[in-house]
Amino acid sequence: MQEQHKALCNIINQFHSLEAKLMTSEENQSLSRRFQRIKKSFEELNLFVHNPIGEDYSETRLDCEASISGESSENLKIIEVIKPLVYFKHEGDNELIQRALVIAEGRAE
Amino acid sequence: MSTTIDYGIDLGTTNSAIARYVKGEVIVFKNPISLKETLPSVVAFKNERTIVGDKAREMLKKSSNNVFGLFKRKMGTSDSYMVGDTGNMLSPIQLSSIILKELKNFIHSEGSTESVVITIPSAFDTVQSNATKKAGYEAGFKEVVLLQEPIAASLAYANKSNLNITDGKWLVYDLGGGTFDVALTAIDDGELKILDHEGDNYLGGTDFDKAIIEQFIIPKLKEKGTFANLETELKTASGKYNRLFYKLMFLAEEAKKELTNSPIAEIEFEVTDDKGDDLDIYLELSKEVFESLIQASIDKTIQLIDAIIERNQISNEDLKCILLIGGSTYIPLVRSRLHEKYGIEINTSLDPTTAVVIGAAYYAGIKPKAKKTATSSATTSLKKGNFKFAYERVVREASTMLLVMAQEETEGLQYRITRSDGGFDSGLLPMSKQITADLPLIPNAHNAFQFNILDSVANRVFVEEIGITQGKFSIDGQPLPNNICLEVDSIESETTFLEPVFKKNDILPLRKVITKQVSKTIYKDSNEEIVIKVFEGDIDSIPAANKLIGMISVSGSSLDRDLIKGSDIELTLEITESRDLKVGAYFTLTDQEFENTFSSSESSITKSVLQTELNSFQTNLGVKLQQLEKDAKYEEAARVVAIDKEINELKSELEGIADDQISDDFYVLDVRKRELGKKMQAVFNTSFLTKTIEDYYEWKETTEFRLIDKEATEQDNAEFKKVVEDEVKFLQEGNITTIKMKINHLLSICRRIAQRTPMTSEDVMMHYLYLKGQKYMARSKANDLIAKGDHALENKNYIELVSVIKELSILKDKEGNSDLFKNKGTGLK
């Protein structure tokens, strides 16, 4: 199962990077529906993909591995997601099978 | 109770690990939260919180006053570290003891945790060694035994290979993330010892990643775009490319790993240069180029080995092998350069990241304890009743507050809260009489937390399991009183049926996206239509027996192009808490979107709607009755008559109500209408199955007759046998789809035999001539083919004739059963 999850996470990571690259362009907005459908297919495999972009980051968040850029390490926000976080749901439990790889940036208040 | 030392610990400069020898096997414990076998040797302090490992390392570069790593280098010195936020002074021993306590947390096996083997570098002197021992005692271990790292690695090697080494020398080459060590190791009369060692505390894998960025990526970036002060802008915290720098560190590390088993690694990223141009950067880093970047560093390690060899006056031949440990020894250049230079065995049989801790555990497993200690006597349990927990068990927010009240002394205790999926760790915090904590929650899931209290030496003295459900149920969320279903076509039964979208008791608001297929081709500008009907009610009944709560119909006149059978329709259904239904339909093929919102208050049952529906019921029943009487199925026919009678009664009652009457009467009659719909469905289902089984027997007989024909092959006979072999089973099961598939198979066998028979082809062509393309939508194309077939028939050109028949048959298959539904159907399947 672990090997299978690893392979699926690799696909999810490629998908994530494709989505991130294409969705920056206004022209490609119509593709978002396709991306949602692929995500739904992942969900049918009990894999829940979450992109934490824009969310708060702190050292208690173990679902992300962060590099902290910028001058401040206070009030951290996730500004870039290199790999999304992936949960595997089985028998009502959530298992974190991939931590998100993110870049967080601090903003001094 | 074990008589040997309990655990082995690799207390590393950059990473640490803990393992145990159990019945001949070594178990390396994993961090219960991150599930990694290693723990970064980094400690951070934030307010009152102590953070150890990965999360502390993340903060290393940003909060240098409060985050401490590499303190192993200072073991045995009087240097101490001041925590910026609190002004507290911490010694390297205290920081090391925090790492050791955290490693204790990895242990999941039962038994004593009082004795330990801790590894130290071969370069450690007595003071440094004693400092390491002290850290072990401060972490709560009663007995601490030290072991040199190269010896630990050698033990792991010897045990893995089942070697019985009696004498000889070898090198242990340890190239890690940030440090390099090499030790000349020997065994003399069964005693393992370190003869000499060398090292560089600033040489390791991270330097290779930096070399990729500085010597490969940055020059390429400068070629492709306009950048002033690129290095500074990347590396300084205020630099505009600082964010990119961290991404490049990740990409460089990935590329380095890729090059261990591939000749080329791809590096791809986007950047906007100083002129504002967006650049899509794609670089290929070859193994040769990478090796040229790290060549000097590898050469430096070789110089250090040479120094050892020269100092000890030994030759290469005196060495049995070079044992590789440390993650950076995966790099092929390391292996090839060492082999080239020394011409001896380069041993890579160990996992380079855990070799030292495995060796430490082997040593612990054979080293008797110096003194006997009572099992787990240090662990004192706190009384459950002395701690009160308050939290909401069901919440809709993204996080919730936990309140803990202690009714006993908390001095010197710490607490820690973790979430079972591994997504949250509060870190170590001082326990007090009253604490509050904000717990982040996974949406729409049950979140299991563990609240632990630890004593001063990290023994767990109290555990409380906390379960919180997010989003599922709440006093604010209303349950859905009935199923919400979508009406779709059933090709098998030539009717429509309901497919569930949301189930009864699902909590509002709800949203779902489902993909369906178009069941019939809708031509642009035609009057054909796709009807999306959403019903509320019983899934097992026919649509008419339920309440229609929303409908979108899209006719050919609204389409930008033909909507081909089988293409996708993406339906989005949303129900708000106030029960507004929003239905959206997106046609993938035409790239068109239609949507409508229906408010539950708009539901209207009028006299005319009810009359129309009841009339429609009677029309269907009339057709069914004729068919049943024709087939002499009098029992079923009687049931149809009874239902028809009830419909007539209902219609009379309906007549008695004024058109504009505002009362519940229409709703009462609507409920009765739906009950009648259910009864109707039962009759239709039974008779359709009977008809399908009859069809099967008819086609079976026809096929048997065809198989007598000389044109029938052995394959046809074999296929027939296969179709009918489990006949009893599939007919008893009564699955209409399966039986239809069997019929289709028989039909295709008959067709095949027929196509091989010239006389039959003539018959078939005569049939087509008779029909004149009426059964085809593409009538003109069909008529062209029929004319061609007529010509072939006249000239007795059977090859041409068979070809034309085949083309006509394919054309019909492509068009599908567009006239399948006697009623219109929804156009969805």
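A:Lys21 reaches across to chain B and makes a salt bridge with B:Asp280, with the closest N and O atoms 3.2 Å apart. This comes from a predicted model, so the distance is a computed one. Side chains of opposite charge can pair when their charged atoms come close. A second pair of this kind joins B:Arg243 to A:Glu80, where the closest N and O atoms sit 3.1 Å apart. That pair also crosses between chains: B:Arg243 belongs to helix 7 of chain B (residues 242-258), while A:Glu80 lies in strand 4 of chain A. Searching the whole structure turns up 49 salt bridges over all chains, and 12 salt bridges are found across the interface of chain A and chain B.

On the chain A side, the elements giving two or more residues are helix 2 (32-44), strand 3 (64-69), strand 4 (76-83), strand 5 (85-90), strand 6 (93-98) and strand 7 (100-105). Of these, strand 3 of chain A supplies the largest share, 6 residues.

As for the extent of the interface, 32 residues of chain A and 39 residues of chain B take part in the contact. Between them the two chains bury about 3300 Å², and carbon and sulfur atoms account for 49% of that area. Within chain A, the residues that lose the most area to chain B are A:Arg33, A:Arg37 and A:Glu59, which together make up 21% of what that side buries.

Turning to the fold of chain B, one feature is an open sheet of 3 strands, ordered 19-21-24 and paired antiparallel. Strand 19 (387-390) and strand 24 (434-440) of chain B are the edge strands, each pairing on one side only. On average, neighbouring strands of this sheet are turned by 20 degrees against each other, ignoring direction. Strands of a sheet pair through backbone hydrogen bonds, either parallel or antiparallel. In chain B, strand 19 is joined to strand 21 (residues 399-406) by 4 bridges, and the two run antiparallel. At the residue level, B:Phe389 has B:Val404 of strand 21 as its bridge partner.

Key. Residues are numbered from 1 along each chain as its sequence is written. Chains are lettered from A and ligands numbered from 1 in the order in which they are written. This is a predicted model: local features need pLDDT of at least 70, side-chain atom pairs count only at pLDDT 80 or more; totals for chains, interfaces and linings use all residues. Side-chain values use heavy atoms; hydrogens and water are left out. Two strands pair if DSSP finds at least two bridges between them. Axes are lines fitted to C-alpha atoms, for helices over the stretch in contact, and angles run from 0 to 180 degrees between N-to-C directions. Contact means heavy atoms within 4.5 Å. Buried area is the accessible area (1.4 Å probe) that two parts lose on being put together, summed over both. A salt bridge is a side-chain nitrogen of Lys or Arg within 4 Å of a carboxyl oxygen of Asp or Glu.
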